[in-house]
Amino acid sequence: MDKTDAQQIGEIVNQYLKKENLDTALDEHRASALWPQIVGQGINHYTVKRWVKDGVMHVHISSAPLRNELMLNRSRIIALINDTLGRPVIKEITFY
């Protein structure tokens, strides 16, 4: 039996995810899960539904004035999410 270099389990998992093209889907799920932390509980209270597909975050907001305010701050929200994730995952946010 050949000896191999020791690797941390996190490195092994990351290599597997990348090999199976699951790393992008996982990052998109993480981005969606970060929404309450990024915008705060007050805004999250008005969030009906959210999901990410192909780098676009889709967010349903139940308040029209809040939805308009979020549209104006869209680039800042994208930057905060991507900075928190450590890589550019979200390219655009659409509000409904």
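Isoleucine 12 counts as partly exposed, because its relative accessibility is 38% (buried means under 20% relative accessible area, exposed over 50%, partly exposed in between, with a 1.4 Å probe and protein chains only). The model is predicted, so local features need pLDDT of at least 70 and side-chain atom pairs pLDDT 80 or more, while totals for chains, interfaces and linings use all residues. Residues are numbered from 1 along each chain as its sequence is written, and side-chain values use heavy atoms, leaving out hydrogens and water.

Isoleucine 12 sits in helix α1 (residues 9–19); helices (H or I, at least four residues) and strands (E, at least two) are DSSP runs, numbered from the N terminus.

Next come the aromatic rings. Rings of Phe, Tyr and Trp (its six-membered ring) pair if their centres lie within 6.5 Å; planes under 30 degrees apart count as stacked, over 60 as edge-to-face and the rest as tilted. This rule gives 2 aromatic pairs. One of them is tilted: tryptophan 35 and phenylalanine 95, at 6.3 Å centre to centre with 50 degrees between the planes. Tryptophan 35 belongs to helix α2 (residues 23–39) and phenylalanine 95 to strand β3 (residues 92–95), so the pair ties together parts 60 residues apart in sequence. Tryptophan 35 is buried, with a relative accessible area of 0%, and phenylalanine 95 is buried at 9%.

Tryptophan 51 and tyrosine 96 are stacked, because their ring centres are 6.5 Å apart and their planes are at 5 degrees. Tryptophan 51 is in strand β1 (residues 47–53) and tyrosine 96 in the segment after β3, 45 residues apart. Tryptophan 51 is partly exposed at 33% relative accessible area, as is tyrosine 96 at 41%.
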